[in-house]
Amino acid sequence: VTAPAGAARARAVIPLQRGAVYGPVLSRRLGRSLGLNVLPDEIKVCSLDCRYCQYGWTGLRSIRTAQFAPLLPAREQVRADLEAVLAELAAAGTPPDTITFSGNGEATLHPEFPGLVEDVLALRDRHAPRCRTAILSNATTVSRPQVREALLRLDDAYLKLDAGTQEMFGKLNGPAAGVAFAGVLEGLRELGRRIVLQALFVSGPVDNTSPAEVDAWVAAVRSVGPRSVQVYTLDRGPADASLRPVPRTRLEQIARAVREAGVEAEVFA
Ligand code: SF4
């Protein structure tokens, strides 16, 4: 899952990350964030195909982990790569502020995701004890108890919810076969206040900012009851070039509607 942050500037999608560890990159929320990409270098593997994705269209769209397991980096390789970078940063006196599962798709699809979380926590304790751990996830796997348990071991879990209906979820997020909006919502409700929701709004041929769409989305947010909501629009170029960013004033109105529903909200634009 990718991390949009701010108004549209460059309009091109960005290349996929190379290797298991990238950055640190500067992030407004996460500080100096060391990215952890537990997905392949050459192809985006995701259970969604969001029209706004900054990495372009999904190369392999599936929720069935076993289907692409052979393409994924091994847990041992990820651990070794992360340890090398963390040790180097610690030796230079510049440990990251956050280690973040992010990158070329959806990290929780990795069949060894719980073990990867365990390794990240152990390496953080050893090399950068003050560093936080985080994940950007699309929430399509949170119906799996082992994924929920692993997510909650991290300091911060940022989970995606851009739509309030199955129809908008289908149009905007392009779910893989077997991924239903109701199931995503049910899993998110299990997590409730222990997570932060992220929502990206766009206009154009697909528009999730109409009053009806926003009302449905706010109702969904309220039913989840997260710690807070982060409201965004396009940052880099989207996969679907016909999409447009949403003005900050509209994002502020949307955030206000969330607050009126009793949930904290902040605009990142
Ligand atoms: S969840 Fe959407 S935005 Fe995130 S990597 Fe997958 S397709 Fe891209």
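Trainee: On what basis are the values computed?

Mentor: This is a predicted model, in which local features need pLDDT of at least 70 and side-chain atom pairs count only at pLDDT 80 or more, while totals for chains, interfaces and linings use all residues. Residues are numbered from 1 along each chain as its sequence is written, and side-chain values use heavy atoms, with hydrogens and water left out.

Trainee: In what order do the strands form the sheet?

Mentor: Helices (H or I, at least four residues) and strands (E, at least two) are DSSP runs, numbered from the N terminus. Two strands pair if DSSP finds at least two bridges between them. Here 8 strands make an open sheet of mixed pairing, in the order β1-β2-β5-β6-β7-β8-β9-β10. At its edges are β1 (21–27) and β10 (264–268), each of which pairs on one side only. From one strand to the next, the twist averages 25 degrees.

Trainee: In which sense do β1 and β2 pair, and in which do β6 and β7?

Mentor: A hairpin joins β1 to β2 through 3 residues. The two strands pair in the antiparallel sense over 5 bridges, and Tyr 22 stands opposite Gly 35 in β2. Strands β6 (residues 132–137) and β7 (residues 156–160), by contrast, pair in the parallel sense over 4 bridges; the bridge partner of Ile 135 is Ala 157 in β7.

Trainee: At what angle do the axes of α1 and α2 cross?

Mentor: Axes are lines fitted to C-alpha atoms, for helices over the stretch in contact, and angles run from 0 to 180 degrees between N-to-C directions. The axes of α1 (residues 75–91) and α2 (residues 113–127) come within 10 Å and cross at roughly 20 degrees. The helices are therefore roughly parallel, a term for angles under 35 degrees. Contact (heavy atoms within 4.5 Å) involves residues including Leu 82 and Leu 86 of α1 and Val 120 and Leu 123 of α2. By class, this contact has 8 nonpolar, 2 polar and 7 charged residues.

Trainee: How are those classes assigned?

Mentor: Ala, Val, Leu, Ile, Met, Phe, Trp, Tyr, Cys and Pro count as nonpolar, Asp, Glu, Lys and Arg as charged, and the others, Gly among them, as polar.

Trainee: How many residues surround the ligand, and which are the closest?

Mentor: A residue is near a molecule if one of its heavy atoms lies within 4 Å of it. The ligand is surrounded by 13 residues, the closest being Val 1, Lys 44, Cys 46, Cys 50 and Cys 53. This shell has 6 nonpolar, 4 polar and 3 charged residues.

Technical notes:
Parallel < 35°, antiparallel > 145°, perpendicular 65-115°, else oblique.
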